[in-house]
Amino acid sequence: MAILLSLSLSPHPLNPKPYLIPKTLSLSTANSTRTTLPTGTRRHLINKFTSLFLISFAPLQFPLARSSASAKPSLSGIVNTKSWFQFFGNGFSIRIPPDFEDVMEPEDFNEGLSLYGDKVKPKTFAARFASSDGSEVVSVIIRSTNQLKITFLEAQDITDLGSLKEAARIFVPGGATLYSARTIKIKEDEGFRTYYFYEFGRYDQHVALYAAVNSGKAIIAGATAPESKWDEDGVKLRSAAISMTAV
């Protein structure tokens, strides 16, 4: 069983003030609502609220620019998730907050399959769960590390993609304000696995992202919600993101 061993800043920590990632993407957002919505409307909101998480994961070629915004709390609020439902996917597990529902569609499962030599379309989500109104979403995606950073050797650990600060150019979308970045080391049977945690915002959306690498695959968990809901539900969503374990 994996054991959380340490929670520390990178050996080359980011400035504790937020950073503004140079703007390279144009993403749309939607206003939040707590009412129960028709399925079509709810699906539309879920797709919009996960748009910040579905980024290109291509390295940015710009330096980080310091934001004038005041620093927000970092990885300080976490709850015990052992009582939550544990979802097992292909190479990972993650705990799902109570009352969140599986919102994977049939086409999500069909992606990643190939017939008669057709080019395989990458599967968008490995898992996706949402709150009843669709405004809060917990997702997992899996990408080949060669899609994130061109390397000659297969990446075995997330540090192969660079330091915590360097990898922010891969995992944090352009134009986002980076609130927090942490390195987390997990004790496993054969040693330690490194995870990178980033918390950032763009427009009116807030994201907690947690990533690891296993056998050339990057496993990336993200929890997203409107900024207006983060003070109330941020601890729950952050806890869901960092409950992801590469297996």
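## Exercises on a predicted model

The protein chain exposes about 12,300 Å², of which carbon and sulfur atoms supply 55%. The model is a predicted one. In the protein chain there are five helices and 13 strands, and 51% of its 247 residues count as buried. Among contacts between residues at least 6 apart in sequence, 68% join residues at least 24 apart.

### Exercise 1

**Solution.** 

Step 1. The sheet is open and consists of three strands in the order 4-5-13, with antiparallel pairing.

Step 2. The antiparallel pairing of strand 4 with strand 5 (residues 92-96) runs over five bridges.

Step 3. Two residues lie between the strands in the hairpin of strand 4 and strand 5, where G91 takes a positive phi near 90°.

### Exercise 2

Classify F88 and Q205 as buried or exposed, and place each in its strand.

**Solution.** 

Step 1. F88 is found in strand 4 (residues 85-89). The cut-off for an exposed residue is over 50% relative accessible area; F88 has 56% relative accessibility and therefore counts as exposed.

Step 2. Although 159 residues separate F88 and V247 along the chain, their C-alpha atoms are 9.3 Å apart.

Step 3. Q205 belongs to strand 11 (residues 205-214). A buried residue has under 20% relative accessible area; Q205, at 1% relative accessibility, therefore counts as buried.

Step 4. The side chain of Q205 is joined to that of D204 by a polar contact of 3.3 Å.

### Exercise 3

Explain why the buried residues of helix 4 lie on the same side of the helix, and state which elements they pack against.

**Solution.** 

Step 1. The buried residues in helix 4 (residues 164-171) are L164, A167, A168, I170 and F171.

Step 2. These residues cover an arc of only 155° around the axis, which puts them on the same side of helix 4. An α-helix has 3.6 residues a turn, so residues three or four places apart point the same way.

Step 3. The buried residues of helix 4 pack against helix 3 (145-148), strand 9 (177-188), strand 10 (191-202), strand 11 and strand 12 (217-226).

### Exercise 4

Identify the residues with the most contacts inside the largest nonpolar core, and list the contacts of Y210.

**Solution.** 

Step 1. The largest nonpolar core has 28 residues, and F92, I94, V140, Y195, Y210 and M244 have the most contacts inside it.

Step 2. Two or more residues come to this core from each of strand 5, strand 7 (127-130), strand 8 (137-144), strand 9, strand 10, strand 11, strand 12 and helix 5 (227-242).

Step 3. Leaving aside neighbours within four places in sequence, Y210 is in contact with I184, I186, Y195, Y196, F197, I219, I220, A221, A241, I242 and M244.

Step 4. Another core, of 25 residues, lies apart from the largest one; F125, A168, A218 and I220 are among its members.

Conventions: Residues numbered from 1 in each chain as written. Predicted model: local features only at pLDDT ≥ 70, side-chain atom pairs only at ≥ 80, totals over all residues. Heavy atoms only, no water. Helix = DSSP H or I, 4+ residues; strand = E, 2+ residues; numbered from the N terminus. Buried < 20%, exposed > 50% of the residue type's maximum accessible area, 1.4 Å probe, protein only. Contact = heavy atoms within 4.5 Å. Areas by Shrake-Rupley, 256 points an atom, 1.4 Å probe, with all protein chains shown as cover. Pairing = 2+ DSSP bridges. Polar contact = N/O pair within 3.5 Å; in protein donor to acceptor, adjacent residues only side chain to side chain. Arc of directions from axis to C-beta. Core = buried A, V, L, I, M, F, W, Y, C linked by side-chain atoms within 4.5 Å.
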